[in-house]
Every structure is written in structure tokens, then in C-alpha cells.
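Q: I'm new to this structure and would like a close look at one part of it. Could you pick a single residue, show me where it sits, and then walk me outward through its surroundings?

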Amino acid sequence: MIGQLTGTIVDVFLDYLMIDVGGVGYEVFVPASILTRCGEVGQRVTLYTHLIIREDAHSLYGFEERSAKALFRVLLKANGVGPKLAMVILSTMGVSDFIQAVTLQDVAALTRLPGVGKKTAERLVIELKDKLSQFDYLDRAIKINSIDESRITLTVPVLSDAISALVALGYKDPEAAKMATMVYKEGLTCEDVIRLALKSS
């Protein structure tokens, strides 16, 4: 699995970049925001990536932030949402706006997305409302614990892994997210967070 790429942009296309990494060119599909900000030949970029393997193609999708990559993965699990629509959502609304729309059950806002009708919007709200709650808790945890911006890439995986472990133990997503973020302190490992969360429950 290719989880991250750091390299130089060697070509720019309508919806993807060609990135040279150690002499190997990777075609990476990216949201429109990345094409706007980083779509210059010769620019060096780091992208968090998700690889989708199918019989006829291996497609790589890249994001500037871990939260965007995580949301992309959540979207792929929703009925009727494929990589193309997931990228449209991230290109048009972004992570925070989409989470807010789903959380507030703002079907009207979701139907303004290209390719999303009323039924699809309603289905997204029903299927993703609880799943997206952990993103809200992660954001709050970063603010509450005054975590330095430069350390967010270290913090989010610890919390995400701890939340996933608690869910595997039988807790619902919102409950697991709340348990983990309430006990998290910078420097704790995933195992520490899980142990403290279970102890405080």
C-alpha cells in the first residue's frame, strides 16, 4: 500500500498530477484545491495517498491533509459513492463544510454538489452522520489540548487508531471518539489512550 508520496510535480492534467519520486512517475488523482494551489511543474509536494486496486487499473488518490484522506475513505464506504463522487465532494465542499452539512442534516447544501440528488444527499446523512462524529471530536481534541499545528500529523493517527480499537471492542463511533479525546494528552501512545479510556469509562 502506498500511503504517502513526496516528490516533484513533472506534469499537470485536468484531475491528476504526475509526481516524480526517485525517478518514478506516479499519476495521482487530486482534489481541485490541490491543482489550484500546487499545480505547478517543478513544485515539490507531499501527499497522503490512498490506492484503489481494480482488475483494469491501479488508481492513486492524493490529499494534502490526513483528514481529507480519512474522509475520502469514509465516503467510499457509503452506498452509491465511488472515488469520482468522493473527489467531487472534497473538491467542492472540503472536509469541514461537508462534515457540517452532514451533521446538521443540511440536505439542500449537499444537493448543490455536482452529481448529488436529493435521495443521495439523504442517504449520505443517514449513513455518515455517526461515522463523521469522530472527525469533530478529533478537531476539538486538537483545540482543547492546545496541540501545536506541526504535530497534528502525529496526533491524529494516535487518536484515530485508538478510536478504531475502541469501536472494535464494541463501542459506538461517537462514544469511542469521546472516550479517546477526553483522556488524550500529547505524547501518549495509542495503547496509553486505549487503556486510559477504558479505565475512565
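A: Let's begin with one term: a residue counts as buried when its relative accessible area is under 20%, and as exposed when that value is over 50%. Please keep in mind that this is a predicted model.

Is Lys69 buried or exposed? Its relative accessibility is 13%, so Lys69 counts as buried. The side chain of Lys69 reaches the backbone oxygen of Gly3 at a distance of 3.3 Å. Setting aside neighbours within four places in sequence, Lys69 is in contact with Gly3, Tyr48, Thr49 and Phe63.

For contrast, look at Glu40, in the loop between helix H1 (32-38) and strand S4. Because its relative accessible area is 54%, Glu40 is exposed. With neighbours within four places in sequence left aside, Glu40 is in contact with Ile9 and Val12. Glu40 and Ile9 are 31 residues apart along the chain, and their C-alpha atoms are separated by 6.8 Å.

Now to the strands. Strand S5 covers residues 57-63 and pairs with S3 in the parallel sense, over two bridges. Here Phe29 stands opposite Tyr61 in S5. Strand S3 (residues 24-29) also pairs with strand S2 (residues 16-21), in the antiparallel sense and over six bridges. Val21 stands opposite Val24 in S3. The hairpin of S2 and S3 has two residues between the strands, and in this hairpin Gly22 takes a positive phi near 60°.

In soluble globular proteins, nonpolar side chains tend to be buried together. The largest nonpolar core in this model has 30 residues, and those with the most contacts inside it are Phe72, Leu75, Phe98, Leu110, Leu128 and Leu132. At least two residues of this core come from each of S5, H2, helix H3 (83-92), helix H4 (94-103), helix H5 (107-111) and helix H6 (118-128). Domain 1 (4-63) and domain 2 (71-145) each contribute at least three residues to this core. A second, separate core of 15 residues includes Leu159, Leu166, Tyr184 and Ile194.

In helix H3, the buried residues include Pro83, Leu85, Ala86, Met87, Ile89 and Leu90. Among the elements that cover the buried residues of H3 are S3, strand S4 (44-54), S5, H2, H4 and H6. Just after H3, Gly94 takes a positive phi of about 85°.

Finally, let's step back to the whole chain. Its secondary structure comes to 10 helices and five strands, and buried residues make up 41% of its 201 residues. Of the contacts with a separation of 6 or more, 50% are between residues 24 or more positions apart. The mean pLDDT of the chain is 83, with 88% of its residues reaching 70 or more. Over residues 142-155, however, pLDDT stays under 50, and the model has 14 contacts beyond four places in sequence for them.

Notes: Residues numbered from 1 in each chain as written. Predicted model: local features only at pLDDT ≥ 70, side-chain atom pairs only at ≥ 80, totals over all residues. Heavy atoms only, no water. Buried < 20%, exposed > 50% of the residue type's maximum accessible area, 1.4 Å probe, protein only. Polar contact = N/O pair within 3.5 Å; in protein donor to acceptor, adjacent residues only side chain to side chain. Contact = heavy atoms within 4.5 Å. Pairing = 2+ DSSP bridges. Helix = DSSP H or I, 4+ residues; strand = E, 2+ residues; numbered from the N terminus. pLDDT = per-residue confidence, 0-100. Core = buried A, V, L, I, M, F, W, Y, C linked by side-chain atoms within 4.5 Å. Domains from an automatic or database assignment.
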